[in-house]
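I opened the structure and kept notes as I went. The entries follow in the order I looked things up.

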Amino acid sequence: TLPLKDGYSANVNQFELMAGKAKPMSVNVLGSEAVMVGSDAIDSYKVEIKPIEDEEGGSVLWIAKDSRRIVKSENKLPAQMGGGTVVSELQP
């Protein structure tokens, strides 16, 4: 429900399940990008969500401009979860 547009930024609290508490996060719309879903290019906002307190983790989401649904995500895992990156993409 955030009013996404190019250049938008905000700070939000996100519940962190492993810590059992809310964590302050920054939300930044990095720009617009087309994401391929099958043979269709979905016009999306590229949104970065990262911890404000220089902690590990964070995500990049591609959110469709028309439906506001996530069409792709990249999530950085913290060390206690093995590190690495999890990528999810919408399939046709």
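**Salt bridges**

I began with Glu16 and Lys23, whose side chains form a salt bridge at 3.6 Å, N to O. This is a predicted model, so I read its values as computed. Glu16 is partly exposed, at 23% relative accessible area. Lys23 counts as buried, because its relative accessibility is 12% and the cut-off for buried is under 20%.

How many salt bridges are there by this rule? I count four.

I went on to Glu33 and Lys46. Their closest N and O atoms are 3.9 Å apart, and the pair forms a salt bridge. Glu33 is in strand S2 (residues 21-37) and Lys46 in strand S3 (residues 40-51), so this bridge ties together parts 13 residues apart in sequence. Glu33 is partly exposed at 32% relative accessibility. Lys46 is also partly exposed, with a relative accessible area of 25%.

Next I looked up Asp43, which forms a salt bridge with Lys65; the closest N and O atoms are 3.6 Å apart. Asp43 lies in strand S3 and Lys65 in the loop between S4 and strand S5 (70-76), so the pair links parts 22 residues apart in sequence. I noted 44% relative accessible area for Asp43, which is partly exposed. Lys65 is partly exposed too, at 27%.

**Rings**

Which ring does the charged end of Lys65 sit over? I found the ring of Tyr45, with its centre 4.8 Å away. I noted Lys72 as well: Lys72 lies over the face of Trp62, 4.7 Å from the ring centre. I then looked for aromatic pairs and counted zero by this rule.

**Surface patch**

I found a nonpolar patch on the surface, formed by Phe15, Leu17, Met18 and Met81. Together they have about 490 Å² of accessible area. I placed Phe15 in strand S1 (residues 9-16). Is Phe15 buried or exposed? Phe15 counts as exposed, because its relative accessibility is 54% and exposed means over 50%.

**Whole protein**

I then stepped back to the fold. The protein has zero helices and six strands, and its pattern along the sequence is β-β-β-β-β-β. The C-alpha trace spans about 40 × 30 × 20 Å along its principal axes. Of the 92 residues, 29% count as buried.

Last, I checked confidence. The average pLDDT is 90, and 100% of the residues score at least 70. Among the elements, strand S4 (residues 59-64) has the highest mean pLDDT, 96. Strand S6 (residues 85-89) has the lowest, 90.

Notes:
Residues are numbered from 1 along each chain as its sequence is written. This is a predicted model: local features need pLDDT of at least 70, side-chain atom pairs count only at pLDDT 80 or more; totals for chains, interfaces and linings use all residues. Side-chain values use heavy atoms; hydrogens and water are left out. Rings of Phe, Tyr and Trp (its six-membered ring) pair if their centres lie within 6.5 Å; planes under 30 degrees apart count as stacked, over 60 as edge-to-face and the rest as tilted. A charge sits over a ring if NZ of Lys or CZ of Arg is within 6 Å of the ring centre and within 35 degrees of the ring normal. Patches are made of residues with over 30% relative accessible area and no salt bridge: like charges are joined within 9 Å, nonpolar side chains (Val, Leu, Ile, Met, Phe, Trp, Tyr) within 5 Å. Accessible areas come from the Shrake-Rupley method with a 1.4 Å probe; for residues, only the protein chains shown count as cover. Helices (H or I, at least four residues) and strands (E, at least two) are DSSP runs, numbered from the N terminus. Buried means under 20% relative accessible area, exposed over 50%, partly exposed in between (1.4 Å probe, protein chains only). pLDDT is the predictor's confidence in each residue, from 0 to 100.
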